[in-house]
Amino acid sequence: KDLDIKIFVSKFYGTTDGNVTIEMNVGTTLKGKPYFDKIYSFNEVQAEDGYASLVETLKKGFFNLSANLAQDLSLKD
């Protein structure tokens, strides 16, 4: 209950050559004291051309980074 999580998504885009990039900075405090800080990043090439593929790849990347964050926090003492 005393864990405060701040997430800043600094990159969330695709490029014209099909690369998808997400970067998020995570900072947490526990009872007002620094607890865990980490930068998570995702880079992948879209499976297909087009906006629908971009959205799916961004969704996949954001879920992946969120799962990594949850795992890191569950392993933290």
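**Exercise 1. Where does Lys31 lie, in which loop between which strands?**

Before we start: this is a predicted model, where local features need pLDDT of at least 70, side-chain atom pairs count only at pLDDT 80 or more, and totals for chains, interfaces and linings use all residues. Residues are numbered from 1 along each chain as its sequence is written, and side-chain values use heavy atoms, with hydrogens and water left out.

Solution.
- Step 1: Lys31 sits in the loop between β2 (19-30) and β3 (33-45). Strands here are DSSP runs of E with at least two residues, and helices are runs of H or I with at least four, numbered from the N terminus.
- Step 2: β2 and β3 make a hairpin with two residues between them.
- Step 3: Check the backbone: Lys31 isn't a glycine, yet has a positive phi of about 55 degrees. Most residues other than glycine have a negative phi.
- Step 4: Lys31 is exposed, at 64% relative accessible area (buried is under 20%, exposed over 50%, partly exposed in between, with a 1.4 Å probe and protein chains only).

**Exercise 2. Work out the strand order and the pairing of the sheet.**

Solution.
- Step 1: The three strands form an open sheet, ordered β1-β2-β3, with antiparallel pairing. Two strands pair if DSSP finds at least two bridges between them.
- Step 2: The edges are β1 (3-14) and β3, each pairing on one side only.
- Step 3: Go through the pairs. β1 and β2 share eleven bridges, with Phe8 partnered by Asn25 in β2.
- Step 4: Twelve bridges join β2 and β3; among the partners are Leu30 with Lys33, and Thr29 stands opposite Pro34.
- Step 5: Look at the hairpin of β1 and β2: four residues lie between the strands, and Gly18 there has a positive phi near 95 degrees.

**Exercise 3. Find the nonpolar surface patch and say which element gives the largest share.**

Solution.
- Step 1: Collect the members: Leu3, Ile5, Ile7, Val9, Phe12, Leu30, Phe62 and Phe63, together about 670 Å² of accessible area. Patch residues have over 30% relative accessible area and no salt bridge; nonpolar side chains (Val, Leu, Ile, Met, Phe, Trp, Tyr) are joined within 5 Å, like charges within 9 Å. A salt bridge puts a Lys or Arg side-chain nitrogen within 4 Å of an Asp or Glu carboxyl oxygen, and areas come from Shrake-Rupley with a 1.4 Å probe.
- Step 2: β1 gives the largest share, five residues.
- Step 3: Take Ile5, found in β1: at 39% relative accessibility, Ile5 is partly exposed.
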